[in-house]
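Dear colleague,

Please find the structure below. A summary of the findings follows it.

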Amino acid sequence: MSTSTTDRPPTATSILSLRNVNKNFGAVAALTDISLDVAAGEVVAIVGDNGAGKSTLVKVLSGVHRPDSGDIRFESRPVTIPNPTAALDMGIATVFQDLALCDNLNVIENLFLGRELRRGRLDEIAMETRSWELLRQLSAKIPSVRIPIASLSGGQRQTVAIARSLLGDPKVIILDEPTAALGVAQTAEVLNLVERLRDRGLGVIMISHNMADVQAVADRVIVLRLGRNNGEFTVGEVTPEEIIAAITGATENAVTLRTAKIDLRGVKTAQSTVDKEVTR
Ligand SMILES: Nc1ncnc2c1ncn2[C@@H]1O[C@H](COP(=O)(O)OP(=O)(O)OP(=O)(O)O)[C@@H](O)[C@H]1O
Ligand SMILES: [Mg+2]
């Protein structure tokens with residue numbers, strides 16, 4: 001089953017390693033003694049029910065929130081991540097769920113927004129060349145880099161957002177629910193992309209509610225529950241039911257799982273996911 005990571009020393013191969021990280025919001029303990037490792041060329045999925053602490057963890061790693069205590073190491077060195085620029089400078093890029101793309105701007109403009117290439121004036125040609133290079137490396141199916149983001153599919157937008165985060169040459173990339181809003185074909189496209197990021201040697205942290213995606217692409221799964229580590233699994237050695245039991249805190253018992261309204265077909269995990277999508 002799962003092993004506790006809390007007492008384990010940082011793994012030698014980890015790019016990013018967390019031990020006993022805590023974050024409180026007033027009386028709410030959002031993260032308690034969280035541990036996490038990600039190595040180069042590894043995809044680690046983080047799963048958990050609503051309120052489990054996934055977004056808070058992402059925000060700690062991307063410099064949006066400062067943890068109250070705990071040890072964070074990047075390439076074996078103790079670090080602090082005081083703000084988003086520090087995270088990027090260190091080599092941690094985050095693609096947030098809302099993607100933060102500008103619908104009215106084209107692909108190139110979105111890729112280089114705020115860091116345009118210039119040689120005196122804007123170097124349009126260099127930016128277009130670099131855009132195509134990047135998208136080709138990702139085998140992205142984007143018809144043109146001169147069309148507005150508004151005319152791209154959800155999967156294509158996700159690709160552009162990921163491509164943009166790669167411009168800073170990160171070592172770790174965090175994807176927050178990269179397939180949440182996508183159909184089947186687009187999800188497959190994004191999962192292929194995640195594999196290419198791993199092949200490039202990045203450490204990938206993927207937040208997901210979707211067991212099928214997790215099992216398709218992750219090497220390891222870390223379960224958060226009520227702000228704590230509640231299981232770590234190697235994909236291939238675990239069933240969706242076992243992961244779901246760790247997510248819900250249910251024992252491996254069909255009755256409890258049914259009570260928790262879990263969809264064992266592996267499409268969506270918890271009922272709360274469905275609720276969230278309905279209210280979105
Ligand atoms: N800025 C904040 N101020 C106060 N409480 C917060 C804040 N951000 C998160 N929390 C609380 O921390 C806990 C963890 O929330 P978090 O958003 O990290 O969960 P999550 O796993 O991302 O859930 P979801 O699947 O719904 O996105 C929750 O109880 C939430 O209410
Ligand atoms: Mg969240």
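Helix α1 (54–61) lies across β1 (14–25) and β2, and runs at about 65 degrees to β2. Contact here requires C-beta atoms, placed from the backbone, within 7 Å; axes are lines fitted to C-alpha atoms, for helices over the stretch in contact, with angles from 0 to 180 degrees between N-to-C directions. Helices (H or I, at least four residues) and strands (E, at least two) are DSSP runs numbered from the N terminus.

The model is predicted: local features need pLDDT of at least 70 and side-chain atom pairs pLDDT 80 or more, while totals for chains, interfaces and linings use all residues. Residues are numbered from 1 along each chain as its sequence is written, with chains lettered from A and ligands numbered from 1 in the order in which they are written.

An open antiparallel sheet is formed by four strands in the order β2-β1-β4-β5, where pairing requires at least two DSSP bridges. Because β2 and β5 (77–78) stand at the edges with a single partner strand each, one side of each has no neighbour in the sheet. Strand β4 (residues 69–74) is joined to β5 by two bridges, and Phe 74 stands opposite Arg 77 in β5.

The shell around ligand 1 includes Phe 25, Val 28, Lys 54, Ser 55 and Thr 56, a residue being near if its C-beta atom, placed from the backbone, lies within 6 Å. Both β2 (28–39) and α1 supply at least two residues of this shell; α1 gives the most, with three.

Yours sincerely

Note on methods: Two residues are in contact if their C-beta atoms, placed from the backbone, lie within 7 Å.
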